[in-house]
Amino acid sequence: MSDATDIHGGGGARVSGLADLRATGPQGMIVLRGDLADPGLRTAVGAVYAAAWPGAHGVSFAPPRGLCWMSPDEMLLLGPKDAVADDLAQLTAALGDQHALAVDVSDARCAFALSGPAAREVLAKLTPADLSPQAFGPGRIRRSRLAQVPAAFWMAEDGTTIHIVVFRSVAQYAWDLLVGATDPKAPVGLRQG
Amino acid sequence: MLTLRCPVCGIDADETELSPGGEAHLTRFGPDASDDDFHDYLFTRENPRGVHFERWRHSYGCGKWFHAARCTVTLEVFGTYSAQTTEPPAGIRAVIAEKRPGWSWRGLS
């Protein structure tokens, strides 16, 4: 079930103001730890995920799946929640005895989406990360913080939607922050490039 | 506000995205060390007015430790470098020597 306040279960929570904020609901997530520069690792991921291999600080999608670069030794693999078990089994088989670890972390994080021309401005109220179009263009991911909690966010290919993932234990806090930041009475007025 | 470039992932991280780890390049004295060495390892720290080497962790980002060379007076950052070193690399020392003539650290300059 989804309803207008549900940020955890089915998603469905939605708030419109300076930007359009919504909880995007269940998202399959697998964390892969290993040396991302290792061609063997890349081949194993490619066997399961069709998306092009993202470079550092990049995301790459081949819907419904995608790859998010998290650090030089961590990749977040996105996919449909009900397909996670199968994806993980395939990935584990493809990895074989390589020095890597893949774990289903779908329930660890909550996913939000922030869209509209002022999305950058809204998010920039909450994070020290550089969200200028030059530093945070389409296909770029940044791990930083939203006020007091860690978060990762990436700019979708359309250039107007920012996807945000935060740990589920602090999801309500992060959601409330974002709702406050989208308040129509609180524009910053930065020029959107 | 301090901005350090994480040498691991290349992000210009704000001070608030980092966790401080104290002085860099300490020598670990553990079991079988003398009491004096262990005391110094635990408690004795440099507190320079000027060039200082510190450990930082990019805790809100890639999560990795790194080292930074900066000036405690002006907050000028001379550079950041890998944590897998026992002394500041030559490139960092050259930058410091150029900006702080006469500077030296543990016999290096």
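**Stop 1: a hairpin in chain A.** Select β4(A) and β5(A). They form a hairpin, with two residues between them. This is a predicted model. Now colour residues 59–62 and residues 65–71 of chain A: these are strands β4 and β5, they run antiparallel, and four bridges join them. Pick A:F61. Which residue stands opposite A:F61 in β5(A)? A:G66 does.

**Stop 2: a charged pair in chain A.** Side chains of opposite charge can pair when their charged atoms come close. A:E74 is buried, at 6% relative accessible area. A:R33 is partly exposed, at 32%.

Stop 3: Move to chain B. Four strands form an open sheet there, in the order β3-β4-β5-β6, with antiparallel pairing. β3 (19–23) and β6 (77–82) stand at the edges with a single partner strand each, so one side of each has no neighbour in the sheet. From one strand to the next, the twist averages 30 degrees. Zoom in on β5 (residues 65–71) of chain B: five bridges join this strand to β6(B). Here B:A69 stands opposite B:G79. Then select residues 90–99 of chain B. This is helix α2, which packs on the sheet and touches β4 (51–57), β5 and β6 of chain B. The direction of helix α2 makes about 170 degrees with that of β6(B).

Stop 4: Select B:R106. It is partly exposed, at 47% relative accessibility. B:R106 forms a salt bridge with B:E23, the closest N and O atoms being 3.6 Å apart. B:R106 lies in the segment after α2 of chain B and B:E23 in strand β3, so the pair ties together parts 83 residues apart in sequence. B:E23 is buried, at 10%. B:E46 also forms a salt bridge with B:R106, at 3.8 Å between the closest N and O atoms.

**Stop 5: cysteines.** The structure holds zero disulfides over all chains. B:C9 counts as buried, at 10% relative accessibility. Finish at B:C71, buried at 2%.

Key:
Residues are numbered from 1 along each chain as its sequence is written. Chains are lettered from A and ligands numbered from 1 in the order in which they are written. This is a predicted model: local features need pLDDT of at least 70, side-chain atom pairs count only at pLDDT 80 or more; totals for chains, interfaces and linings use all residues. Side-chain values use heavy atoms; hydrogens and water are left out. Two strands pair if DSSP finds at least two bridges between them. Axes are lines fitted to C-alpha atoms, for helices over the stretch in contact, and angles run from 0 to 180 degrees between N-to-C directions. Contact means heavy atoms within 4.5 Å. A disulfide is a pair of cysteine sulfur atoms within 2.5 Å. Buried means under 20% relative accessible area, exposed over 50%, partly exposed in between (1.4 Å probe, protein chains only). A salt bridge is a side-chain nitrogen of Lys or Arg within 4 Å of a carboxyl oxygen of Asp or Glu.
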